[in-house]
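Colleague: I am new to this structure and would like to know what stands behind the terms used for it. Could we go through them one by one?

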Amino acid sequence: MTIIVILAIGAMTFLLRFTPLLLVRKNGSAKQKHGFLENLPLAILSAMIIPGIFQVDKESPWVGIAAGAAAIFLLVFVKKIPLFGVITASVAVAVVVALGGGH
Amino acid sequence: MQDTLKLFKKGIIDSAPIVIGYIPACITFGLVGKALSLSDLEVFLLSAVVYAGASQFIAANLLALGTAAPIVLLLTFVINLRYLFIGMSFASKMKRDTRVLHKGLVGFGLTEEVYAVSMMKIRSRNDSSSHSLPYVLGMEFPPYTVNLISTCAGIMLSGYIPADILPALNTSLYALLIALVIPQIRRHRKNLAICISAAASSWCLQPLLGTASVLAAMAIGAAVGAMFPFKKETVRSEAM
């Protein structure tokens, strides 16, 4: 069942990438719509972060909070940092918290 | 023929920064997928068939939670809507006579990173060769191959990572999501309002609605954003 869902997600993702390529026009630049639809991606990402991040470790919310705080700190104060650096650093913080005081 | 091979090779060389980024990300995905107790095949297929960064992590998370299939599909659809804009922008730079089969190949491998790097190369070199078919395919081939190999490596390594640490490794998903959200918030006040309203309603509604709270929160956040007066933003550079 899960496999079928995964294949369906894959097919849908492919169509999203492939369909626009069929609509090639001379001046076919992407015009973005401002409004409800344009706001959806950010809204969904935000809704997935909270409260999920508090529940990532069922024994202690501090693991997720520490990881989140580390990521935000790096993104806000150390701007020239690659995505992978942010992820590694915040996971490292989470591991330290989980092994240390978290449990 | 000589030219085709040369362009293909050039694409491969230009894909190096993408490859370097994908290796750790895909190893992490393999580890996280296993930590969420998905099967090896499920984790591998998410990388091999979906091949779409953040939405892979989100789909893995939702599937592991036992979320209903329509909700998983709807959420990943919404997250991946950005590919429509990427595709439209990329299409305007492709030759009109490209065969449909070739467009299918290009479309399958057209990740944000491939899009961003190929567009940057065009701008810096100011020539038209960048979107020739062999060049694009050359640029798409190594990242996808590395994606498959690194995901397998992650899956295989997962047995050697102690169980206490696994929930902590899952925070990588949230670090990734935060890294996508923060730059948006900094760009526009409207985005901060969307983020706060969506996050707050997701948190408040979860006891009532379970995983469906994300859908409700998404609608609320987007509606809050739509209330802001229309204002021409600078082009959303990293999404485009």
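Colleague: How many residue pairs are in polar contact across the interface of chain A and chain B, both at pLDDT 80 or more?

Modeller: This is a predicted model, and across the interface of chain A and chain B the rule finds eleven such residue pairs, both residues at pLDDT 80 or more. Each pair is called a polar contact because it has N or O atoms within 3.5 Å, one able to donate a hydrogen and the other to accept it.

Colleague: How many salt bridges does the rule find across the interface of chain A and chain B?

Modeller: The rule finds zero salt bridges there; a pair would need a side-chain nitrogen of Lys or Arg within 4 Å of a carboxyl oxygen of Asp or Glu.

Colleague: What makes up the side of chain A that touches chain B, by class?

Modeller: That side has 45 nonpolar, 16 polar and six charged residues. Helices H1 (2–22), H2 (36–49), H3 (61–77) and H4 (83–102) of chain A each supply at least two of its residues, and H1(A) gives the most, with 17 residues.

Colleague: What is the area buried between chain A and chain B?

Modeller: The buried area is about 7000 Å², and carbon and sulfur atoms give 79% of it. A:Arg17, A:Leu21 and A:Met48 supply 11% of the area that chain A buries against chain B, more than any other three residues.

Colleague: Where in chain B does pLDDT stay under 50?

Modeller: It stays under 50 over residues 233–240 of chain B, while chain B averages a pLDDT of 85.

Note on methods:
Residues are numbered from 1 along each chain as its sequence is written. Chains are lettered from A and ligands numbered from 1 in the order in which they are written. This is a predicted model: local features need pLDDT of at least 70, side-chain atom pairs count only at pLDDT 80 or more; totals for chains, interfaces and linings use all residues. Side-chain values use heavy atoms; hydrogens and water are left out. pLDDT is the predictor's confidence in each residue, from 0 to 100. Contact means heavy atoms within 4.5 Å. Buried area is the accessible area (1.4 Å probe) that two parts lose on being put together, summed over both. A polar contact is a pair of N or O atoms within 3.5 Å; within protein, one must be able to donate a hydrogen and the other to accept it, and residues adjacent in sequence count only if both atoms are side-chain atoms. Helices (H or I, at least four residues) and strands (E, at least two) are DSSP runs, numbered from the N terminus. Ala, Val, Leu, Ile, Met, Phe, Trp, Tyr, Cys and Pro count as nonpolar, Asp, Glu, Lys and Arg as charged, and the others, Gly among them, as polar.
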